[in-house]
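Trainee: Could you show me how to read the way helices are placed against one another in a model that is new to me?

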Amino acid sequence: MKLGIVANEFFDPALGRMGGFGWAARQVARCFSDDPSLGVEVTFFSREHRGEEDLLSHGRPLIPVHQSRASYLARVRREKVDLLLSVDYRRAYMALFMYLPRTPLIVWARDPRSDRDQARAAAIRIPGSENAPPAGVRSPDTTSLRHVARASQVLRRPFALAHTDDFLLERIPGAYSLSAKRSLPLPNIIDLEPIGRLRYRKPTVAFLGRLDPIKRPWILAEVAERLPHVDFLVMGADYQPDRGGWRPEGLPSNLHLLGHKGEAEKAEILSQSWLAANTSVHEGLAISLLEALRCETPLVASVDPGRVVSRFGRYVGDFPGTGMESVPAFVDAINELIADDDLRNQLGREGRDWVEAHHSRDAFLAGFEGLCGTLGVRWSKAP
């Protein structure tokens with residue numbers, strides 16, 4: 001089978017952003033490339049990158065948008081893909097879908113935003129700049145997916161929605177203007193291998209994610225200021241103050257900005273940290289939470305997607321806007337879990353068991369096989 005993965009990022013530093021959508025595209029490509037017996041060959045399609053020549057990412061060809069529409073159309077069709085997997089949806093993807101009007105299509109809902117989610121993201125403010133929203137908090141309009149679904153029905157293109165977790169079903173109608181009744185599960189591939197069982201000697205909290213305003217990293221800086229006996233290790237791409245982002249100035253000495261980390265370093269830090277924090281105002285089923293749990297590291301967060309945080313850590317509550325009112329709740333939750341080794345260990349073990357049961361390579365492949373069956377796509381694996 002030839003699988004085309006459509007995304008706007010690819011978790012490749014040479015190609016730009018390093019976010020969850022790109023992570024998902026990479027994980028699927030690796031899953032099939034690492035096991036030829038699965039019989040799936042992957043090609044990436046980008047609607048954001050431009051050029052006349054194919055690019056390469058994670059050992060797979062990436063087809064950018066050509067300047068000439070005719071040239072681009074010919075290149076896309078020459079690939080002869082049997083199935084398209086769209087990592088969530090952006091309006092720019094519609095043109096590619098229409099260039100392949102009969103090719104079966106799966107749209108993998110990863111961060112569908114209801115009207116409420118969009119309003120909460122738009123209401124984010126950086127402390128000291130409350131009069132204007134920061135860059136990057138505006139939610140994309142994804143309601144045009146309903147046109148793709150209707151056109152697919154007219155053209156008799158097999159079309160399916162998939163979701164990473166059932167809690168997203170309630171967000172799908174508002175995000176895409178589509179019913180969620182027929183959406184099927186397609187779990188994440190969490191394969192990060194924990195490194196060792198020893199924790200840092202000093203209490204340590206890990207933070208994993210880009211330092212974008214929607215993550216509200218300024219909350220973590222204030223929490224660190226109030227917990228000088230705790231180290232905070234921040235793994236994420238650099239901020240962008242030139243675009244209206246947060247400026248990490250005057251940080252406490254126990255808050256360490258480490259930048260983006262590769263898989264081995266990330267696994268080591270998550271495995272040795274006592275807790276993992278998330279200060280966002282909104283998340284889908286964040287990969288950072290799942291990878292922390294895979295390393296048996298409990299969570300402390302201001303989001304609770306699918307009740308993952310409240311089950312395997314401490315959900316501090318809902319604090320919109322700057323989120324600075326959440327600081328005392330973060331401090332209390334971190335202090336509570338640091339003081340109770342047995343509770344941390346229990347939450348970590350239970351979290352890892354849950355991730356391994358629900359978000360593994362095998363779980364993904366089972367979901368993918370079910371979707372192929374629903375769409376009538378033949379998938380012939382090697383015996």
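Predicted model: local features only at pLDDT ≥ 70, side-chain atom pairs only at ≥ 80, totals over all residues.

Trainee: How many residues of α9 are buried, and where does the helix lie in the numbering?

Mentor: Helix α9 spans residues 287-294, and eight of its eight residues are buried, so that the helix is mostly covered, where buried stands for under 20% relative accessible area. After α9 comes E296, which has a positive phi, near 60 degrees.

Trainee: What describes two packed helices?

Mentor: In general, one gives the angle between their axes together with the distance between the axes. Here, helix α1 (residues 20-33) packs with helix α13 (residues 361-375) at an angle of about 90 degrees, and their axes are 12 Å apart. Because angles of 65 to 115 degrees count as roughly perpendicular, α1 is roughly perpendicular to α13.

Trainee: Which residues of α1 and α13 meet?

Mentor: From α1 come V28, C31 and F32, and they meet R361, F364, L365 and F368 of α13. By class, this contact of α1 with α13 has six nonpolar, no polar and one charged residues.

Trainee: At what angle do the axes of α11 and α12 cross?

Mentor: The axes of helix α11 (residues 327-338) and helix α12 (residues 341-358) cross at roughly 100 degrees and come within 6 Å, which means that α11 is roughly perpendicular to α12. In this contact, E336, L337 and I338 of α11 meet D341, L343, R344 and L347 of α12, and the residues of the contact of α11 with α12 divide into four nonpolar, no polar and three charged.

Conventions. Residues numbered from 1 in each chain as written. Heavy atoms only, no water. Axes fitted to C-alpha atoms, helices over the stretch in contact; angles between N-to-C directions. Helix = DSSP H or I, 4+ residues; strand = E, 2+ residues; numbered from the N terminus. Parallel < 35°, antiparallel > 145°, perpendicular 65-115°, else oblique. Contact = heavy atoms within 4.5 Å. Nonpolar A, V, L, I, M, F, W, Y, C, P; charged D, E, K, R; others polar. Buried < 20%, exposed > 50% of the residue type's maximum accessible area, 1.4 Å probe, protein only.
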